[in-house]
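Subject: Structure handover

Hello,

Please find the sequence and structure below, followed by notes on what turned up.

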Amino acid sequence: MAHTFQVTIDSTAPHPLADWWAEALGWEREPTDEAFIRRMVDAGHATEADTMRHDGQLVWTAGAAINHPTGGAPRVLFQLVPEPKTVKNRVHLDVRVGPEAVDAEVARLTTRGATVLHEGHQGPHRWVTIADPEGNELCLT
């Protein structure tokens, strides 16, 4: 049996990080359902402390998600955790921008808070490893 999956990234600030990744990938933030959140709070399944406002919208504090605009890729969830990243990622995303666009994407994302970690080459292939604003690594290839 084949399974589907989502990619989950731990974050101390899931909503701003979801915004960063949505912009970085050209993806869309998953829309919030304020009426559903209100119903959950009103029914006692959640509390006001479980919610917050982000960009003027009521959202769940614990996470935010982004999706590919055509639905052709796994959902990426940014999940609230209490601690900052402390060690190197064992899994990361390779973002395929095309060899002609790597330098422009590095410049664009570093302007938005990314940090260049290193550059790699293997035969004719080149990639640049960067870290998002919370230190999560990704490669631009």
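A nonpolar core here is a set of buried Ala, Val, Leu, Ile, Met, Phe, Trp, Tyr and Cys residues joined through side-chain atoms within 4.5 Å. Buried stands for under 20% relative accessible area, exposed for over 50%, and partly exposed for what lies in between (1.4 Å probe, protein chains only).

Before the findings, some bookkeeping. The model is predicted, with local features needing pLDDT of at least 70 and side-chain atom pairs counting only at pLDDT 80 or more, while totals for chains, interfaces and linings use all residues. Residues are numbered from 1 along each chain as its sequence is written, and side-chain values use heavy atoms, with hydrogens and water left out.

The core

The largest nonpolar core has 21 residues, and W21, I66, F78 and L140 touch the most other members. At least two residues each come from α1 (14-25), β5 (63-67), β6 (76-80), α3 (102-111), β9 (125-131) and β10 (137-140). Helix α1 provides the largest share of this core, 6 residues. Helices (H or I, at least four residues) and strands (E, at least two) are DSSP runs, numbered from the N terminus. Both domain 1 (1-84) and domain 2 (87-140) contribute at least three residues to the core; the domain bounds come from an automatic or database domain assignment.

I66 has contacts (heavy atoms within 4.5 Å) with A18, W21, A22, L25, W27, E28, R29, E30, R75, V76 and F78, leaving aside residues up to four places away in sequence.

The two domains

The centres of domain 1 and domain 2, taken over C-alpha atoms, are 23 Å apart. On each side of the boundary 13 residues are in contact with the other domain. About 1,100 Å² is buried between the two domains, with carbon and sulfur atoms giving 64% of that area. Buried area is the accessible area (1.4 Å probe) that two parts lose on being put together, summed over both. On the domain 1 side, W20, W21 and E23 lose the most area to domain 2, together 53% of what that side buries.

How many salt bridges does the rule find across the interface of domain 1 and domain 2? The count is 1, where a salt bridge is a side-chain nitrogen of Lys or Arg within 4 Å of a carboxyl oxygen of Asp or Glu. The side chains of E23 and R108 form a salt bridge at 3.3 Å, N to O. On the domain 1 side that touches domain 2, β1 (7-11) and α1 each supply at least two residues, and α1 gives the most, with 7 residues.

Individual residues

E105 sits in helix α3 and counts as buried because its relative accessibility is 17%.

H15 belongs to helix α1. H15 is buried, at a relative accessible area of 2%. With residues up to four places away in sequence left out, H15 touches R29, M52, H54, V59, W60, T61, G63 and A64.

Most residues other than glycine have a negative phi. D55 is not a glycine, yet has a positive phi of about 50°. D55 is placed in the loop between β3 (51-54) and β4 (57-60), and is exposed, with a relative accessible area of 64%.

Regards
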